[in-house]
Amino acid sequence: MDLDFGQILPNLSYILHGLLLNLEITATTVIFGIIWGTLLAIMRLSSFKVLRWFALGYVNIFRSIPLMMVLLWFYLLVPQLLQAFLDLPATTDTRFISALIAFALFEAAYYSEIIRAGIQSVSKGQISASLALGMTKGQALRMVVLPQAFRIMTPLLLTQGIILFQDTTLIYTLSLADFFYRAVNIVGNRDGLVTEMIIFTGAVYFVICFTVSRLVNYYKKRVTR
Amino acid sequence: MKKKTQLAKLVLSFAMLGAISHAAIAEDLTGTLAKIKENGVVVIGHRESSVPFSYYDANQKVVGYSQDYADKIVDAVKEALNMPDLQVKYLPITSQNRIPLLQNGSYDFECGSTTNNVARQQQADFSDTIFIVGTRFLVKESSKIKDIDDLKGKNVVVTSGTTSEVKLNNINDEQKLNIRIITTKDHGDSFRTLESGRAAAFLIDDALLAGERSRAKKPSQWVIVGKPLSYEAYGCMLRKGDTQFKALMDKEISNYQTSGQAEKSFNRWFKEPIPPKGLNMNFDLSPEMKALFAAPNDKALD
Amino acid sequence: MATSWNWGIFLQPTPFGDTTYLGWIWLGFEMTILLALSSGILAFLVGSFFGVLRTLPNRFLAFIGTCYVELFRNVPLIIHLFFWVYAMPMLVPESVRDWLYNDLDPMFFTFLMATIGLGLFTGARICEQVRTAIISIPAGQKNAAIALGLTLRQSYLYIILPNAYRRVLPPLTSEMLNMVKNSAVASTIGYIDLTKQASQLLEHAGRPYESFIAITIGYVIINIAIMLIMQFIEKRVRLPGTIGGKA
């Protein structure tokens, strides 16, 4: 079979436009995931039993279900929840919103585990010292523990971000027109370029993820030096 | 003087009539129409690769024979609700998710290539029939396959969640044909499976086969064969129990069919070059379709 | 959510007439376990092989191991699976394609490609765990082994690997759990696993919530089973005298 990569060119801008969708979901999820993940991690380590159990249950439930099932679940549930709780304009694309919510809640479970490990890696003496200096527990957490924990775990959080960026291809199953869907299902099927498109999308992902993970490694070396 | 009062009475009664009928509409709107009125937007479910019923043209715009019906229905909704600026949104659906997404309110109605059958009527309502098809096979001309008996022990591809999938599984079981069934996510995937040689035949509604064939690299290589395994009536699908919306759709469809507009749309999509490649489906209006256009109805054919 | 529950739906026959909806879920359950076993074994073997390769003094061999890991860590799983099912057969000679497509049962073909895709993908992650474990073994152990006259091969087989694998077990458990979750992606290439059956039930049974709950429970059961099995293995291979080991 002769591969014809030349035919990708006329459709390139349409296909690459889909990449924006993946980046948008990645960015939103990383931000929300870290915020919610931090809260979950603090709950896991708090002295209130209810909070501890809630965080434990949340993290374990999301970590035992495949992302694809989570996406399907939210695809079903979100339109109804939106109607019930939020007053979003009816013109919102519910598939996009539901994917966003699913990713954010799902990833937060993974982020919270990284953050919990980060917090626990800060030595206990520092908390005792902060308390002895007259700080409240909250102040100690905010001003002493978290800044150090985040410095340690930034590379891990970024690596998780790369994994997440790859996972966003799964919105393919919701027929959302992301990079992979546009390339393979729309242009590939229409113009008979499926083989070329699979190789092309793989190459694009490789270049992006490889480059970013190299940068993360470089950053990690500088931080730990 | 007398004349004046009469005129005043007339005006008053008209005004009251207007007020009443206006109130009546506002009060009586139920189900989907009420939802559309409240949100100011109607969401149409559409297919991405049901050529030539509902699919993307080269500019990723939804077009097709069924889409013509959907446009008509939107016009009728705009008129009935007195909302000329009603916003129209499109949601791509697949065979697998079309029913749950209808039920959970993601979209309001769809005109694509959905068969109206007794089983589905448990979950959704259907408008008057918009198209009648026979379920047949698409095969490579050089393969010499003529009917289902030639497919014993071979690979046949069907699209997941379609009536063809059910039918083929049933017949395969009853007649012990040992056909190896491959299921895929959508018609585009199915045709890709056929074209790559992974399956010897693709079973689906004949009009869709003609559509898939028109998108092939070499359309003349592919032929539609076999006695129809069944006849299917396509309808537009709406939420179950929504009689008000169904009445509006049925009225619009029956006008469209009896006035000859539907046949024009048929000729446009089945006998003339269509996007994206300008190929011609060369598909004739069947006697069943002629009968339908003369007497619109919403009967399922199973 | 407006509709009421109908759990009896699972006992109703499917439209194919072959079984009940419960039977469909059970089939998906079995297929998910089958795929997890086959790709788990492949991932373990391939991951161990390349993991060892990456620690060898030979630069060229180590480089091959690095290439494998980078290729599979930087490309999404769904693209790997699509490659094996749709692209790879187009790149091989026609006779091979014909064998893959027509001589193999299509169900087996999909299973085979899903195993290769998921196995190699997970293998890249296991490779990293094996490499890390090997590196973490104090160099003194290897040096002592060589000094005692063991060859490099012998020192790996009798000294380094047995210790390294004990350290690999905990991360291996989480990789296996990840793999089961990742196996859901195989439904996109038509592999009849639990997730695929969830969408089948969605279309044919029309009871999305009941179906999804049943499928989700299926995954939770598999997860718990893997955790128990790995815990059992960990206990069995623990060295006496280490923390948690028998005295």
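User: What share of the 247 residues of chain C counts as buried?

Analyst: Buried means under 20% relative accessible area, exposed over 50%, and partly exposed in between, with a 1.4 Å probe and protein chains only. In chain C, 53% of the 247 residues count as buried. Keep in mind that this is a predicted model, where local features need pLDDT of at least 70, side-chain atom pairs count only at pLDDT 80 or more, and totals for chains, interfaces and linings use all residues. Residues are numbered from 1 along each chain as its sequence is written, chains are lettered from A and ligands numbered from 1 in the order in which they are written, and side-chain values use heavy atoms, leaving out hydrogens and water.

User: Which secondary structure does chain C have?

Analyst: Helices (H or I, at least four residues) and strands (E, at least two) are DSSP runs, numbered from the N terminus. Chain C has nine helices and zero strands. Its C-alpha trace spans about 70 × 55 × 30 Å along the principal axes.

User: And how do I read its contacts: what percentage joins residues 24 or more positions apart?

Analyst: A contact means heavy atoms within 4.5 Å. Counting those in chain C with a separation of 6 or more, 72% are between residues 24 or more positions apart.

User: Over in chain B, where does Lys217 sit, and why does it count as exposed?

Analyst: B:Lys217 is in the loop between α8 (206-214) and β11 (222-225) of chain B. It counts as exposed because its relative accessibility is 56%.
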